[in-house]
Amino acid sequence: GWAPRVDFAAGIARDVTAAKRMEELLRKSEERYRAIFEQAASAVVVFDPQSLAVVDFNDEACRRLGYTRQEFAKLRLTDFEVIESAAEVKRHSQKITTDGLEVFETKHRTKNGAVLDIEVHAKSIHIGDRVLIQGVWLDITERKQAGEALRKLAGELEQRVQERTAELQLANSSLLQEIAQRRRLERQILEISEYEQRRIGQDL
C-alpha cells in the first residue's frame, strides 16, 4: 500500500525540481538580457504603443538626449520625436506591433534643443500579457552630415567642371578664331607678295 504514495511523492519531487530548474533558467535569462540591455553602446528603449510612455530604457538612451534617468522615465515618445505628430507616432507604433519589426529613420530633439538623426530598429515584444515595443536607436547624425558634405562637395566639383569646360570651350573658340584670322592674314600676305613679284617682273 506504500508504493503508490512513494511514486506520488517522487512525482511531486520531480515536478518541484523541474519547476525550480525552469525558474533558475528564467532568472539567468533575465540577468543576461538586463546585462546586454544596460551595457549596450546603443540607446535601447521599451515603450507602450498605446500610451507611448517610456516603460524601460538603458543609461545610453537618457544620456544621449541629455536627460537624467528620473526625467527620462516621465517622458513619452512624442516629447522628443521631431518628424511625426502624436497621431502619426501612434499609428506607426500600431503598425510595428502588427508587422513585428521595422527599421526606419527619424529625428529626436535633445533636452537642450539639438536635433539628432536617428536610425530606429523597432521590434514588438511580449512581457507578461503586455505587448510593448523595444527600440534600438542608432545616432547617425555624423553619418548624415558626412553624406551631406560629400554631396555638397560633389555638387561644387561638378559646378567647377562645368565652369572650366565652358572656359575651355570659350578659349578654344577664341583660338580657332585667332587661327582663322592668321590664315586670312597669311593668304593676304601671300597674295600681296605674289602681286609684288609679278609687278617687279613686269618692271624688269
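User: Of the 204 residues of the protein, what percentage count as buried?

Analyst: A residue is called buried when its relative accessible area is under 20%, exposed when it is over 50%, and partly exposed in between, with a 1.4 Å probe and protein chains only. In this protein, 25% of the 204 residues count as buried. Please note that this is a predicted model, in which local features need pLDDT of at least 70 and side-chain atom pairs count only at pLDDT 80 or more, whereas totals for chains, interfaces and linings use all residues. Residues are numbered from 1 along each chain as its sequence is written, and side-chain values use heavy atoms, with hydrogens and water left out.

User: How many helices and strands does the secondary structure of the protein come to?

Analyst: Helices (H or I, at least four residues) and strands (E, at least two) are DSSP runs, numbered from the N terminus. Here there are five helices and five strands. Along the sequence they follow the pattern α-β-β-α-α-α-β-β-β-α.

User: In what order do the five strands form the open sheet?

Analyst: Two strands pair if DSSP finds at least two bridges between them. The order in this open sheet is β2-β1-β5-β4-β3, and the pairing is antiparallel. Strands β2 and β3 are the edge strands, as each pairs on one side only. On average, neighbouring strands of the sheet are turned by 30 degrees against each other, direction ignored. For such angles, axes are lines fitted to C-alpha atoms, for helices over the stretch in contact, and the angles run from 0 to 180 degrees between N-to-C directions.

User: Which helix packs on the sheet, and which strands does it touch?

Analyst: Contact means heavy atoms within 4.5 Å. Helix α4 (residues 86–99) packs on the sheet and touches β1, β3, β4 and β5. The direction of α4 makes about 155 degrees with that of β3.

User: How many bridges join β4 to strand β5, and which residue is the bridge partner of isoleucine 127 in β5?

Analyst: Strand β5 (residues 130–139) is joined to β4 by ten bridges, and the two run antiparallel. The partner of isoleucine 127 in β5 is arginine 130. Alanine 122 stands opposite glycine 135 in β5, while glutamate 102 stands opposite alanine 122 in β4. Strands β3 and β4 pair over nine bridges, in the antiparallel sense.

User: Which residues take a positive phi in the hairpins of β3 and β4 and of β4 and β5?

Analyst: In the hairpin of β3 and β4, with five residues between the strands, glycine 113 takes a positive phi near 100 degrees. In the hairpin of β4 and β5, with two residues between the strands, glycine 128 takes a positive phi near 65 degrees. The hairpin of β1 and β2 has six residues between them, and leucine 52 in the turn has a positive phi of about 65 degrees.

User: Where does threonine 110 lie, and is threonine 110 buried or exposed?

Analyst: Threonine 110 lies in the loop between β3 (101–109) and β4 (115–127). With a relative accessible area of 10%, threonine 110 is buried. Leaving aside neighbours within four places in sequence, threonine 110 is in contact with Arg64, Leu65 and Leu116.

User: How many aromatic pairs does a search of the whole structure find?

Analyst: A pair of aromatic rings is described by the distance of the centres and the angle of the planes. Rings of Phe, Tyr and Trp (its six-membered ring) pair if their centres lie within 6.5 Å; planes under 30 degrees apart count as stacked, over 60 as edge-to-face and the rest as tilted. The search finds four aromatic pairs. One of them joins tyrosine 67 and phenylalanine 72, whose centres are 6.2 Å apart and whose planes stand at 50 degrees, so the pair is tilted. Phenylalanine 72 and phenylalanine 80 form a stacked pair, 5.8 Å centre to centre with 15 degrees between the planes. Phenylalanine 72 and phenylalanine 80 are both buried. Ring pairs link Phe57, Tyr67, Phe72, Phe80 and Trp137 into a cluster.
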